[in-house]
Amino acid sequence: MTRVRFAPSPTGMFHVGGARSALFNWAIAEQSGGTFVLRIEDTDAARNRPEWTEGIISALAWIGINGDSPHFEGPYFQSAYEQQHREAAARLLKDGKAYHCTCTREDVKARTGSEHQGYDGHCRDLGLAEGAVRFRTPDEGVTVVDDKVRGRVEFPNSAMEDFVIVRGDGSPLFILANVVDDMEMRISHVVRAEEHLSNTPKQQLLWEALGARPPVWAHVPVIVNEKRQKLSKRRDKVALESYREEGYLAEAMVNYLMLLGWGPGDDREILPWSEMMPLFRLEDVNQAPAFFDEKKLRAFNGEYIRALPLDVFVSRCEPWLDRSWDRQVFARVAELVQTRVAVLSEVTAAVDFLFLDEPVFDQASWDKAMKQSAAEILTGYAERLESAAWDPESLKEALEEVGAAHGLKLGKAQAPVRVAITGRTVGLPLFESIEVLGRERALGRVRSALERLTAAS
């Protein structure tokens, strides 16, 4: 039975690259009727914070990977298997496949004359009973890793030093713990970032030395920024949580992440999970670095927002609406908002003018719109608003007439009115906004803007 595992370390944030790896694993588990095993690599005490682990679980749940599915198992914690790690090391020592070593880095440097040369095997045959434990790597031949993405990759055994698997204080290292955990959990596929490929021959040797068949290996391409640099949390926006908080939809994020290094084989890009999952194959994953293009992600998200049923869109906007704002008023403009935002956090700025006593004026917008015939336009339109029929078409005709009287087309005439009403030069359709705002409040804003303009002249 297919059993894939996702084994993140708590770091305080969930990297989009980790999310992509998790989704690839999830696709394999679902399409095969197998199991996705979540294992938290928590042996680093400095990173072992419950809230960080909860962050991982929450982020996975947001992209659809959670215990509600029969394909999900966990979370397990690496620290709970320390006894098995120690027992595995003892077996390797007993079988002569590992040995104790008391050498320090300084000892190796003194013998080799180089601080860059690897361990020289000094303690291999001394029969020591204490110290760190090193795995005895083969002296000759190659270790072949058959990788579903990379193909056949050969690693000369002569280039691998006898690596440490247990520290001098008796604590197992990650490389041993990782293998033992995978064996204990019957992991059949290991799908992870290509940066781990260099560790794979060592892990494969451990699998074989412990008498088990290695899993299927697959190392997916690194994700890079626009400068083709590997995404870094110190430099790039990489936290999945930040995208969630900004108002990206989970389904759009899933769609986009799945296409980082893989494609369905045709020209389609906007695809729901239900269509992507059956098509996914490790053999089709590209080896080249995958570019994380936030502009493209925004475009994806806009497509998904516009595809939402209107009532669902209104519900999704709830976290970005002030509690004091009238939901019925928002519902009246929701359809207009839905076609104009790329992320849900933009909803706030799009509609706040409807709920504030006065709009928040953008100074650049004010300076651009409030010149030349602005005062005359505002004066004339205020007079028309007092008696105009209160529907978008009538409100538009009234401003067209005012503009024509001053030799201006509608596009020029509406600029000062838009800033007076909304505080900005861009936003929702003007006349629909005026209708929803109401006669009294609309008139008040136009007159207030006129007073401010007159006072400044």
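## Annotated binding site

The UniProt record, an unreviewed entry, places the feature "binding site" at Cys101, Cys103, Cys123 and Asp125. UniProt positions follow the numbering used here, feature names are shortened, and annotations may be inferred rather than shown by experiment. These residues are spread over 25 residues of sequence yet cluster in space, with a largest C-alpha distance of 13.3 Å.

This is a predicted model, in which local features need pLDDT of at least 70 and side-chain atom pairs count only at pLDDT 80 or more, while totals for chains, interfaces and linings use all residues. Residues are numbered from 1 along each chain as its sequence is written, and side-chain values use heavy atoms, with hydrogens and water left out.

## Cys123 and Asp125

Cys123 lies in the loop between α4 (105-112) and β5 (132-135); Asp125 also lies in the loop between α4 and β5. Helices (H or I, at least four residues) and strands (E, at least two) are DSSP runs, numbered from the N terminus.

Cys123 is buried, at 2% relative accessible area, whereas Asp125 is exposed, at 68%. Buried means under 20% relative accessible area, exposed over 50%, and partly exposed in between (1.4 Å probe, protein chains only). Leaving aside neighbours within four places in sequence, Cys123 is in contact (heavy atoms within 4.5 Å) with Tyr99, His100, Cys101, Thr102, Cys103 and Leu128.

Side chains of opposite charge can pair when their charged atoms come close. The whole structure holds 29 salt bridges, each defined as a side-chain nitrogen of Lys or Arg within 4 Å of a carboxyl oxygen of Asp or Glu.

One of the salt bridges joins the side chains of Lys230 and Glu195, at 2.7 Å from N to O. This pair links distant parts of the chain, 35 residues apart: Lys230 is in the loop between β11 (223-224) and α7 (240-246), and Glu195 is in the loop between β9 (189-193) and α6 (200-209). Lys230 is partly exposed at 43%, and Glu195 is partly exposed at 45%.

Glu294 pairs with Lys237, with the closest N and O atoms 3.0 Å apart. Glu294 is partly exposed, at 29%, and Lys237 is partly exposed, at 29%.

## A further pair and a network

Arg268 and Glu275 form a salt bridge with closest N and O atoms 3.2 Å apart. Arg268 is partly exposed at 38%; Glu275 is partly exposed at 36%.
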